[in-house]
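Try each task before you read its solution.

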Amino acid sequence: DASIEFSTMLSSMRAGSSAALRRSHAMRIVVGKAAGRRFIVSDSQLSDEHKMLREMCRTFADAELAPNAGKWDKAHKFPTEVIKQMGEMGLMGVAQPTDYGGAGMDAMAYAISAEEISRGCASAGVIMSAHNSLYNDPIKMFGTPEQKEEWLTPFASGNKLGSFALSEPGNGSDAGAAQTTATEDGDHWVLNGTKNWITNGPTADASVVFATSDKSLKHKGISAFLVYADTPGYSTGKPEDKLGIRASGTCSLIFEDCRIPKKNLLGAPGMGFKIAMQTLDGGRIGVAAQAIGIAQASLEAAVSYSQSRVAFNAPISKLQAIQFKLADMALKIEASRLLNWRAAQLKDAGEAFTKEAAMAKLHASETATFCSHQAIQILGGAGYVTDYPVERYYRDARITEIYEGTSEIQRLVIAGNILKEYAA
(Lines give C-alpha, C1' and ligand atoms only; values in the text may rest on other atoms or scores of the structure.)
Protein backbone atom coordinates (compact mmCIF):
# COMPACT_ATOMS: atom_id res chain seq x y z
CA ASP A 1 0.00 0.00 0.00
CA ALA A 2 1.48 3.34 -1.09
CA SER A 3 0.33 5.31 1.97
CA ILE A 4 1.92 2.77 4.35
CA GLU A 5 5.16 2.87 2.35
CA PHE A 6 5.21 6.69 2.43
CA SER A 7 4.54 6.72 6.21
CA THR A 8 7.34 4.22 6.85
CA MET A 9 9.78 6.23 4.76
CA LEU A 10 8.78 9.45 6.53
CA SER A 11 9.30 7.92 9.98
CA SER A 12 12.76 6.78 8.91
CA MET A 13 13.62 10.23 7.59
CA ARG A 14 12.39 11.95 10.75
CA ALA A 15 14.56 9.66 12.86
CA GLY A 16 17.63 10.50 10.80
CA SER A 17 17.00 14.16 10.03
CA SER A 18 19.43 15.55 12.61
CA ALA A 19 22.22 13.38 11.21
CA ALA A 20 21.30 14.56 7.73
CA LEU A 21 21.62 18.15 8.83
CA ARG A 22 25.05 17.55 10.30
CA ARG A 23 26.25 15.89 7.11
CA SER A 24 24.85 18.61 4.86
CA HIS A 25 26.50 21.33 6.95
CA ALA A 26 29.83 19.49 6.71
CA MET A 27 29.73 19.84 2.91
CA ARG A 28 30.11 23.62 2.95
CA ILE A 29 32.95 25.03 0.88
CA VAL A 30 34.03 28.65 1.31
CA VAL A 31 35.95 30.27 -1.55
CA GLY A 32 36.71 33.82 -0.57
CA LYS A 33 35.04 36.93 0.80
CA ALA A 34 34.49 38.88 -2.43
CA ALA A 35 32.87 35.96 -4.21
CA GLY A 36 30.73 35.07 -1.19
CA ARG A 37 30.09 31.57 0.07
CA ARG A 38 29.69 28.64 -2.31
CA PHE A 39 28.16 25.23 -1.58
CA ILE A 40 28.90 22.47 -4.07
CA VAL A 41 26.56 19.49 -4.02
CA SER A 42 26.02 16.61 -6.44
CA ASP A 43 23.36 13.93 -6.29
CA SER A 44 25.86 11.50 -4.81
CA GLN A 45 26.57 13.91 -1.93
CA LEU A 46 22.95 14.08 -0.80
CA SER A 47 22.28 12.47 2.57
CA ASP A 48 20.47 9.15 2.64
CA GLU A 49 17.44 10.91 4.09
CA HIS A 50 17.37 13.43 1.25
CA LYS A 51 17.70 10.67 -1.34
CA MET A 52 14.89 8.74 0.29
CA LEU A 53 12.70 11.83 0.38
CA ARG A 54 13.32 12.53 -3.29
CA GLU A 55 12.47 8.96 -4.26
CA MET A 56 9.30 9.05 -2.15
CA CYS A 57 8.13 12.30 -3.75
CA ARG A 58 9.07 11.16 -7.26
CA THR A 59 7.14 7.92 -6.86
CA PHE A 60 4.13 9.78 -5.50
CA ALA A 61 4.27 12.36 -8.30
CA ASP A 62 4.43 9.67 -10.99
CA ALA A 63 1.60 7.64 -9.46
CA GLU A 64 -0.80 10.28 -8.16
CA LEU A 65 0.00 13.69 -9.67
CA ALA A 66 1.17 13.44 -13.28
CA PRO A 67 -1.69 11.17 -14.43
CA ASN A 68 -4.29 13.60 -13.03
CA ALA A 69 -2.70 17.04 -13.44
CA GLY A 70 -4.20 17.63 -16.89
CA LYS A 71 -7.78 16.97 -15.85
CA TRP A 72 -7.43 19.07 -12.71
CA ASP A 73 -6.07 21.88 -14.87
CA LYS A 74 -8.96 21.69 -17.35
CA ALA A 75 -11.58 21.62 -14.60
CA HIS A 76 -9.85 24.24 -12.42
CA LYS A 77 -10.25 21.62 -9.68
CA PHE A 78 -8.43 21.95 -6.38
CA PRO A 79 -6.83 18.51 -5.75
CA THR A 80 -8.17 18.07 -2.23
CA GLU A 81 -7.39 14.40 -1.81
CA VAL A 82 -3.76 14.53 -2.94
CA ILE A 83 -3.10 17.61 -0.78
CA LYS A 84 -4.44 15.57 2.14
CA GLN A 85 -2.09 12.72 1.17
CA MET A 86 0.81 15.18 0.98
CA GLY A 87 -0.05 16.26 4.52
CA GLU A 88 0.04 12.65 5.68
CA MET A 89 3.45 12.29 4.01
CA GLY A 90 4.77 15.26 6.00
CA LEU A 91 5.14 17.51 2.96
CA MET A 92 2.89 20.29 4.25
CA GLY A 93 5.34 20.89 7.09
CA VAL A 94 8.51 19.34 5.74
CA ALA A 95 10.87 21.89 7.31
CA GLN A 96 8.81 22.60 10.43
CA PRO A 97 9.74 21.34 13.92
CA THR A 98 8.29 18.01 15.00
CA ASP A 99 7.15 19.72 18.23
CA TYR A 100 4.71 21.71 16.10
CA GLY A 101 3.46 18.97 13.80
CA GLY A 102 6.17 19.15 11.12
CA ALA A 103 8.48 16.56 9.62
CA GLY A 104 11.54 18.08 11.31
CA MET A 105 13.66 18.25 8.16
CA ASP A 106 15.46 21.21 6.56
CA ALA A 107 15.32 23.72 3.71
CA MET A 108 17.28 21.33 1.48
CA ALA A 109 14.56 18.73 2.00
CA TYR A 110 11.96 21.35 1.14
CA ALA A 111 13.76 22.28 -2.10
CA ILE A 112 14.04 18.62 -3.12
CA SER A 113 10.45 17.70 -2.30
CA ALA A 114 8.87 20.82 -3.84
CA GLU A 115 10.76 20.18 -7.09
CA GLU A 116 9.55 16.59 -7.36
CA ILE A 117 5.95 17.48 -6.52
CA SER A 118 5.99 20.31 -9.09
CA ARG A 119 7.45 17.97 -11.69
CA GLY A 120 4.26 15.94 -11.32
CA CYS A 121 1.81 18.84 -10.98
CA ALA A 122 2.77 22.50 -10.76
CA SER A 123 -0.55 23.34 -9.08
CA ALA A 124 0.14 20.89 -6.26
CA GLY A 125 3.63 22.37 -6.07
CA VAL A 126 2.44 25.94 -5.56
CA ILE A 127 -0.18 24.86 -3.00
CA MET A 128 2.58 23.12 -1.06
CA SER A 129 5.03 26.00 -1.51
CA ALA A 130 2.71 28.82 -0.46
CA HIS A 131 1.58 26.85 2.57
CA ASN A 132 5.12 25.93 3.68
CA SER A 133 7.07 29.08 2.82
CA LEU A 134 4.53 31.83 3.19
CA TYR A 135 2.26 30.65 5.96
CA ASN A 136 4.23 28.19 8.12
CA ASP A 137 7.64 29.88 8.00
CA PRO A 138 6.75 33.36 9.33
CA ILE A 139 4.94 31.77 12.27
CA LYS A 140 7.92 29.51 12.95
CA MET A 141 10.29 32.50 12.79
CA PHE A 142 8.26 35.16 14.61
CA GLY A 143 5.44 33.44 16.52
CA THR A 144 5.25 33.01 20.26
CA PRO A 145 5.10 29.44 21.62
CA GLU A 146 1.37 29.89 22.12
CA GLN A 147 0.90 31.14 18.55
CA LYS A 148 2.93 28.26 17.17
CA GLU A 149 0.82 25.75 19.06
CA GLU A 150 -2.44 27.26 17.78
CA TRP A 151 -1.52 28.54 14.33
CA LEU A 152 1.33 26.27 13.22
CA THR A 153 0.74 22.76 14.59
CA PRO A 154 -2.56 22.01 12.76
CA PHE A 155 -1.11 23.46 9.55
CA ALA A 156 2.36 21.86 9.58
CA SER A 157 0.67 18.52 10.21
CA GLY A 158 -1.37 19.00 7.04
CA ASN A 159 -4.76 19.14 8.75
CA LYS A 160 -5.32 22.76 7.75
CA LEU A 161 -4.22 25.01 4.87
CA GLY A 162 -2.71 28.49 5.13
CA SER A 163 -2.24 31.54 2.92
CA PHE A 164 -0.21 34.76 2.87
CA ALA A 165 -1.90 38.10 2.23
CA LEU A 166 0.58 40.80 1.19
CA SER A 167 -0.25 42.02 -2.35
CA GLU A 168 -3.03 44.54 -2.90
CA PRO A 169 -4.83 46.07 -5.90
CA GLY A 170 -2.56 49.11 -5.70
CA ASN A 171 0.71 47.45 -4.76
CA GLY A 172 2.63 44.49 -6.08
CA SER A 173 6.38 44.89 -6.17
CA ASP A 174 6.00 47.93 -3.85
CA ALA A 175 5.16 45.85 -0.80
CA GLY A 176 5.62 48.81 1.53
CA ALA A 177 2.63 50.66 0.07
CA ALA A 178 -0.02 48.63 1.91
CA GLN A 179 -3.42 50.35 2.03
CA THR A 180 -5.11 47.73 4.18
CA THR A 181 -5.34 49.19 7.69
CA ALA A 182 -5.22 47.78 11.19
CA THR A 183 -6.76 50.00 13.85
CA GLU A 184 -6.54 49.39 17.58
CA ASP A 185 -9.89 49.16 19.35
CA GLY A 186 -9.60 48.16 22.98
CA ASP A 187 -8.28 44.62 23.15
CA HIS A 188 -8.78 44.06 19.41
CA TRP A 189 -7.37 45.06 16.06
CA VAL A 190 -9.84 46.00 13.31
CA LEU A 191 -8.75 45.21 9.73
CA ASN A 192 -10.11 46.96 6.64
CA GLY A 193 -8.92 46.55 3.05
CA THR A 194 -8.46 44.12 0.16
CA LYS A 195 -5.64 41.73 -0.68
CA ASN A 196 -5.09 40.44 -4.23
CA TRP A 197 -3.65 37.33 -5.89
CA ILE A 198 -3.77 35.20 -2.74
CA THR A 199 -2.65 31.64 -3.44
CA ASN A 200 -4.75 29.12 -1.46
CA GLY A 201 -7.14 31.98 -0.69
CA PRO A 202 -10.39 30.18 -1.56
CA THR A 203 -9.62 27.14 0.60
CA ALA A 204 -7.31 28.48 3.33
CA ASP A 205 -8.31 28.02 6.96
CA ALA A 206 -6.21 31.01 8.04
CA SER A 207 -3.94 33.67 6.62
CA VAL A 208 -0.95 35.77 7.60
CA VAL A 209 -2.24 39.26 6.78
CA PHE A 210 -0.18 42.45 6.43
CA ALA A 211 -1.79 45.79 7.25
CA THR A 212 -0.70 49.33 8.03
CA SER A 213 -1.04 50.03 11.74
CA ASP A 214 0.73 53.43 11.63
CA LYS A 215 0.62 55.33 8.33
CA SER A 216 3.07 57.97 9.53
CA LEU A 217 5.87 55.39 9.65
CA LYS A 218 5.31 54.19 6.04
CA HIS A 219 6.77 50.68 5.59
CA LYS A 220 7.88 50.66 9.23
CA GLY A 221 4.25 51.04 10.19
CA ILE A 222 3.16 47.73 8.64
CA SER A 223 2.26 44.89 11.01
CA ALA A 224 1.47 41.22 10.50
CA PHE A 225 -1.63 39.47 11.83
CA LEU A 226 -2.96 35.93 12.08
CA VAL A 227 -6.56 35.69 10.92
CA TYR A 228 -8.91 32.72 10.68
CA ALA A 229 -10.96 32.53 7.52
CA ASP A 230 -14.21 32.18 9.46
CA THR A 231 -13.67 35.46 11.33
CA PRO A 232 -16.63 37.86 10.80
CA GLY A 233 -15.62 40.54 8.30
CA TYR A 234 -13.24 38.20 6.42
CA SER A 235 -14.49 37.15 2.97
CA THR A 236 -13.05 35.93 -0.32
CA GLY A 237 -13.54 37.27 -3.84
CA LYS A 238 -14.30 35.12 -6.86
CA PRO A 239 -11.57 32.65 -7.83
CA GLU A 240 -9.28 34.03 -10.53
CA ASP A 241 -9.42 32.47 -14.02
CA LYS A 242 -5.68 32.01 -14.54
CA LEU A 243 -3.41 31.17 -17.48
CA GLY A 244 -1.66 28.40 -15.56
CA ILE A 245 -1.47 26.60 -12.19
CA ARG A 246 -5.24 26.41 -12.61
CA ALA A 247 -5.83 23.63 -10.08
CA SER A 248 -4.60 25.95 -7.33
CA GLY A 249 -7.03 28.50 -5.96
CA THR A 250 -6.26 32.23 -6.20
CA CYS A 251 -8.59 35.02 -5.09
CA SER A 252 -8.86 38.34 -3.28
CA LEU A 253 -9.29 38.52 0.49
CA ILE A 254 -11.62 41.25 1.70
CA PHE A 255 -11.58 42.65 5.22
CA GLU A 256 -14.53 44.74 6.37
CA ASP A 257 -14.34 45.73 10.02
CA CYS A 258 -12.70 42.38 10.70
CA ARG A 259 -12.07 42.26 14.46
CA ILE A 260 -9.28 40.03 15.76
CA PRO A 261 -7.83 39.72 19.29
CA LYS A 262 -4.62 41.64 19.99
CA LYS A 263 -2.88 38.33 20.66
CA ASN A 264 -3.16 37.63 16.92
CA LEU A 265 -0.42 40.19 16.18
CA LEU A 266 2.59 38.31 14.75
CA GLY A 267 5.82 39.82 16.05
CA ALA A 268 5.85 43.38 17.36
CA PRO A 269 3.86 46.30 15.89
CA GLY A 270 5.68 47.67 12.84
CA MET A 271 7.57 44.42 12.14
CA GLY A 272 5.35 43.43 9.23
CA PHE A 273 7.61 44.60 6.43
CA LYS A 274 10.60 42.80 7.95
CA ILE A 275 8.53 39.63 8.41
CA ALA A 276 7.33 39.81 4.80
CA MET A 277 10.82 40.31 3.35
CA GLN A 278 12.38 37.49 5.38
CA THR A 279 9.48 35.23 4.48
CA LEU A 280 9.87 35.97 0.77
CA ASP A 281 13.60 35.15 0.93
CA GLY A 282 12.73 31.59 1.94
CA GLY A 283 9.75 31.52 -0.40
CA ARG A 284 12.01 32.05 -3.38
CA ILE A 285 13.63 28.69 -2.70
CA GLY A 286 10.16 27.19 -3.01
CA VAL A 287 9.35 29.04 -6.24
CA ALA A 288 12.72 28.05 -7.70
CA ALA A 289 11.94 24.43 -6.85
CA GLN A 290 8.55 24.74 -8.56
CA ALA A 291 10.20 26.15 -11.66
CA ILE A 292 12.88 23.44 -11.74
CA GLY A 293 10.19 20.79 -11.46
CA ILE A 294 8.32 22.26 -14.44
CA ALA A 295 11.55 22.52 -16.43
CA GLN A 296 12.51 18.93 -15.62
CA ALA A 297 9.10 17.67 -16.70
CA SER A 298 9.47 19.64 -19.94
CA LEU A 299 12.86 18.06 -20.64
CA GLU A 300 11.62 14.55 -19.93
CA ALA A 301 8.63 15.02 -22.25
CA ALA A 302 10.86 16.42 -24.99
CA VAL A 303 13.40 13.59 -24.72
CA SER A 304 10.70 10.93 -24.75
CA TYR A 305 8.95 12.41 -27.78
CA SER A 306 12.18 12.98 -29.71
CA GLN A 307 13.17 9.33 -29.27
CA SER A 308 9.86 8.01 -30.58
CA ARG A 309 9.04 10.55 -33.30
CA VAL A 310 10.49 9.44 -36.64
CA ALA A 311 11.34 11.89 -39.42
CA PHE A 312 13.70 11.40 -42.36
CA ASN A 313 13.78 7.67 -41.50
CA ALA A 314 15.21 8.17 -38.01
CA PRO A 315 14.13 9.39 -34.56
CA ILE A 316 14.34 13.19 -34.44
CA SER A 317 16.63 12.81 -31.41
CA LYS A 318 19.32 12.03 -34.00
CA LEU A 319 19.02 15.53 -35.44
CA GLN A 320 21.65 17.99 -34.27
CA ALA A 321 19.09 20.79 -34.00
CA ILE A 322 17.07 18.73 -31.50
CA GLN A 323 20.17 17.65 -29.61
CA PHE A 324 21.25 21.26 -29.16
CA LYS A 325 17.86 22.12 -27.67
CA LEU A 326 18.02 19.19 -25.26
CA ALA A 327 21.57 20.11 -24.25
CA ASP A 328 20.60 23.72 -23.54
CA MET A 329 17.59 22.62 -21.51
CA ALA A 330 19.61 20.18 -19.39
CA LEU A 331 22.36 22.76 -18.83
CA LYS A 332 19.95 25.39 -17.52
CA ILE A 333 18.13 22.90 -15.31
CA GLU A 334 21.31 21.61 -13.67
CA ALA A 335 22.55 25.16 -13.06
CA SER A 336 19.20 26.17 -11.55
CA ARG A 337 19.11 23.15 -9.27
CA LEU A 338 22.61 23.80 -7.92
CA LEU A 339 21.78 27.47 -7.34
CA ASN A 340 18.71 26.46 -5.37
CA TRP A 341 20.50 23.81 -3.35
CA ARG A 342 23.15 26.39 -2.45
CA ALA A 343 20.49 28.83 -1.23
CA ALA A 344 18.81 26.09 0.79
CA GLN A 345 22.05 25.02 2.44
CA LEU A 346 22.93 28.59 3.32
CA LYS A 347 19.54 28.91 4.98
CA ASP A 348 20.06 25.66 6.87
CA ALA A 349 23.48 26.89 8.03
CA GLY A 350 21.93 30.07 9.44
CA GLU A 351 23.84 32.25 7.00
CA ALA A 352 22.59 35.10 4.81
CA PHE A 353 20.94 33.72 1.68
CA THR A 354 18.92 36.63 0.26
CA LYS A 355 21.11 37.07 -2.82
CA GLU A 356 21.45 33.36 -3.45
CA ALA A 357 17.70 32.76 -3.16
CA ALA A 358 17.05 35.60 -5.59
CA MET A 359 19.60 34.14 -8.02
CA ALA A 360 18.01 30.70 -7.77
CA LYS A 361 14.50 32.06 -8.26
CA LEU A 362 15.51 34.24 -11.21
CA HIS A 363 17.50 31.57 -13.02
CA ALA A 364 15.05 28.75 -12.33
CA SER A 365 11.94 30.69 -13.37
CA GLU A 366 13.49 31.84 -16.65
CA THR A 367 14.72 28.28 -17.18
CA ALA A 368 11.18 26.93 -16.74
CA THR A 369 9.86 29.29 -19.39
CA PHE A 370 12.75 28.48 -21.72
CA CYS A 371 12.50 24.70 -21.31
CA SER A 372 8.73 24.54 -21.71
CA HIS A 373 9.03 26.72 -24.82
CA GLN A 374 11.70 24.43 -26.26
CA ALA A 375 9.62 21.36 -25.43
CA ILE A 376 6.72 22.74 -27.47
CA GLN A 377 9.11 23.45 -30.32
CA ILE A 378 10.47 19.90 -30.25
CA LEU A 379 6.97 18.40 -30.21
CA GLY A 380 5.80 20.79 -32.93
CA GLY A 381 2.06 20.67 -33.47
CA ALA A 382 1.72 17.96 -30.83
CA GLY A 383 3.13 20.39 -28.30
CA TYR A 384 0.42 22.92 -28.99
CA VAL A 385 -2.54 20.68 -28.10
CA THR A 386 -3.72 19.37 -24.78
CA ASP A 387 -3.16 15.73 -25.75
CA TYR A 388 0.41 16.31 -24.52
CA PRO A 389 1.32 18.06 -21.26
CA VAL A 390 3.95 20.49 -22.56
CA GLU A 391 1.46 23.26 -23.37
CA ARG A 392 0.42 23.10 -19.71
CA TYR A 393 4.04 23.26 -18.61
CA TYR A 394 4.42 26.44 -20.68
CA ARG A 395 1.36 28.00 -19.06
CA ASP A 396 2.40 26.92 -15.58
CA ALA A 397 5.96 28.19 -16.01
CA ARG A 398 5.05 31.77 -16.76
CA ILE A 399 3.87 32.67 -13.27
CA THR A 400 7.19 31.66 -11.70
CA GLU A 401 8.75 34.80 -13.21
CA ILE A 402 6.08 36.95 -11.53
CA TYR A 403 5.00 35.84 -8.06
CA GLU A 404 7.12 36.21 -4.92
CA GLY A 405 9.10 38.89 -6.71
CA THR A 406 9.27 39.45 -10.46
CA SER A 407 12.44 38.77 -12.42
CA GLU A 408 13.09 42.50 -12.43
CA ILE A 409 12.87 42.66 -8.63
CA GLN A 410 15.23 39.66 -8.34
CA ARG A 411 17.82 41.49 -10.41
CA LEU A 412 17.51 44.53 -8.12
CA VAL A 413 17.92 42.31 -5.05
CA ILE A 414 20.98 40.60 -6.54
CA ALA A 415 22.62 43.85 -7.64
CA GLY A 416 21.97 45.53 -4.29
CA ASN A 417 23.64 42.67 -2.43
CA ILE A 418 26.61 42.60 -4.82
CA LEU A 419 27.21 46.32 -4.33
CA LYS A 420 27.09 45.88 -0.55
CA GLU A 421 29.59 43.02 -0.71
CA TYR A 422 32.10 44.99 -2.73
CA ALA A 423 31.67 48.11 -0.59
CA ALA A 424 32.47 46.18 2.59
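**Exercise 1.** How many bridges join S3 to strand S6, and how do the two strands run?

*Solution.* Keep in mind that this is a predicted model. Start with S3, residues 162–165, and S6, residues 206–212. The two are joined by 4 bridges and run parallel. Within this pairing, Ala-165 sits opposite Val-209 of S6. Next, look at the side chains. In a regular strand they alternate between the two faces of the sheet. In S3, Gly-162 and Phe-164 point one way, while Ser-163 and Ala-165 point the other way, and all are buried.

**Exercise 2.** Check what span helix H7 should have against the distance between its end C-alpha atoms.

*Solution.* H7 covers residues 272–308, which makes 37 residues. At 1.5 Å a residue they should span 54 Å. The end C-alpha atoms are 53 Å apart, which agrees. Now follow the helix along: H7 bends by about 30° at Gly-282.

**Exercise 3.** Decide whether Arg-54 is buried or exposed, and list what it touches.

*Solution.* Second, apply the cut-off: buried means under 20% relative accessible area. Arg-54 has 16% relative accessibility, so it counts as buried. Third, inspect its contacts. Leaving out residues up to four places away in sequence, Arg-54 touches Asp-43, Leu-46, Ile-112, Glu-116 and Trp-341.

Key:
Residues numbered from 1 in each chain as written. Predicted model: local features only at pLDDT ≥ 70, side-chain atom pairs only at ≥ 80, totals over all residues. Heavy atoms only, no water. Expected span 1.5 Å × (residues − 1). Bend = angle between axes of the 7 residues up to and from the residue. Buried < 20%, exposed > 50% of the residue type's maximum accessible area, 1.4 Å probe, protein only. Pairing = 2+ DSSP bridges. Contact = heavy atoms within 4.5 Å.
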